[in-house]
Amino acid sequence: MEFSFLDNRLYNINEKVVSGKRLDFEDGLALYKSNDLIGVGRIADHARRKRHGNKAYYVYNQHINYTNICLNRCLFCAYARDKGEKGAFTSSIEDVKTQLLERIDEPVRELHVVGGLNPSLPFDYYIDLLKTIKEIRLDATIKAFTAVEIDHISRIANLSLNKTITSLKNAGLSMIPGGGAEVMSNRVKKRLFPKKIGSKRWLEIMERLHGAGITSNATMLYGHIETIEERVDHLIKLRNLQDKTGGFSAFIPLAFHSKNTKLSQIPATTAFDDLKSLATARLMLDNFDHIKAYWVMIGEKLAQVALSFGADDLDGTIIEEKITHMAGAKSAKGLTSEQIKRLISSAGFTPVERDSFYNPV
Ligand code: V47
Ligand code: SF4
């Protein structure tokens, strides 16, 4: 592969990628710092095509947000409320049933279920929630509860982590979404999410889940107060755990949206940074199969371009997204599968509808 790069540092990185050598911390910094976006993208595209050729994946999914009452109140979150505060909600099991039945004629294959840390919900609620979803959507996969919620549920249940995981698994849980790690830095945690579990616990929970046969995704919230060094460190921590367990399925960079948050002075991420974050993730996370361009956060148009910058997955139809839209996202709240297929094929890729485990359907 003969590329000419504008940034000389990329020659060495390209060489390593082509010969299958692992990139190090300094390489990660160089990728983030490079202004040769096209150069970074070409290297990432090479790595992406080596794994997935021309395929680009999406899933027919539905989001269920069961409560926004949350004890943590992270500074970057526009979704959470205190109990009794205007706009606070908690869905009863009946409410969730109604939401599912409203879409029962659609071929939903994955339910993405997340919520706040609501101290009023008993352990049985989580079990009933999973069982009810499974009853109504027997053939769909339940991807539910971030590691932060798993930690909370085990406290509410007064059960060990292992017993909590087993009970949730027996009730229908198959996969865990990637949220909650934010940026694995104590400095950022102290300032933005002091009440949330730290990186050590997040990684421990992921390791246990993987050990129990539950796969998960991983995310990184970027574009707030984090440094480039903290981003690269985050990626390396994920890569190290993946070496150990192999349980991560996809990595998803999450672009920070500041509207209606305590950090509303922070401007939106740029397209340049969004694409570089995806491409750098593809190159640093050499042991992750999938890099997801989450169209909700970066917009449908940029997500389409992202397919040529290392991403191989666009997430899915979603149907109704709340967390990012409450923080000012301008993207659609959901897409039809026709719309997603068009985004993929008009970018020159072959759309592949998948299930939660990337089996084509
Ligand atoms: O952990 C919260 C983030 C995450 C904001 O696994 C925000 O397939 C941007 O994890 N601006 C939850 N981001 C979402 C999540 C996710 C999303 C899509 C797919 C998958 C997957 C997982 O959302 C939280 C936090 O990092 N978040 N507030 C905000 N204002
Ligand atoms: Fe709660 Fe999650 Fe929002 Fe933090 S990001 S306040 S844990 S809902």
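Buried means under 20% relative accessible area, exposed over 50%, and partly exposed in between, with a 1.4 Å probe and protein chains only. This is a predicted model, in which local features need pLDDT of at least 70, side-chain atom pairs count only at pLDDT 80 or more, and totals for chains, interfaces and linings use all residues. Residues are numbered from 1 along each chain as its sequence is written, and side-chain values use heavy atoms, without hydrogens and water.

Start with the rings. Those of Phe, Tyr and Trp (its six-membered ring) pair if their centres lie within 6.5 Å; planes under 30 degrees apart count as stacked, over 60 as edge-to-face and the rest as tilted. The count is twelve aromatic pairs. One of them joins Tyr66 and Tyr126, edge-to-face, at 5.9 Å centre to centre and 90 degrees between the planes. Tyr66 sits in the loop between strand E2 (61–65) and helix H4 (93–102), and Tyr126 in helix H5 (residues 123–136), 60 residues apart. Helices (H or I, at least four residues) and strands (E, at least two) are DSSP runs, numbered from the N terminus. Tyr66 is buried, because its relative accessibility is 0%. Tyr126 is buried too, at 0%.

Next, Phe248 and Phe288. Their planes lie at 15 degrees and their ring centres 5.3 Å apart, so the pair is stacked. Phe248 belongs to strand E7 (residues 248–255), while Phe288 is in the loop between helix H11 (271–284) and strand E8 (290–291). Phe248 counts as buried because its relative accessibility is 5%. Phe288 is buried at 0%.

Back to Tyr66: Tyr66, Tyr125, Tyr126 and Phe145 form one aromatic cluster.

Notes. Chains are lettered from A and ligands numbered from 1 in the order in which they are written.
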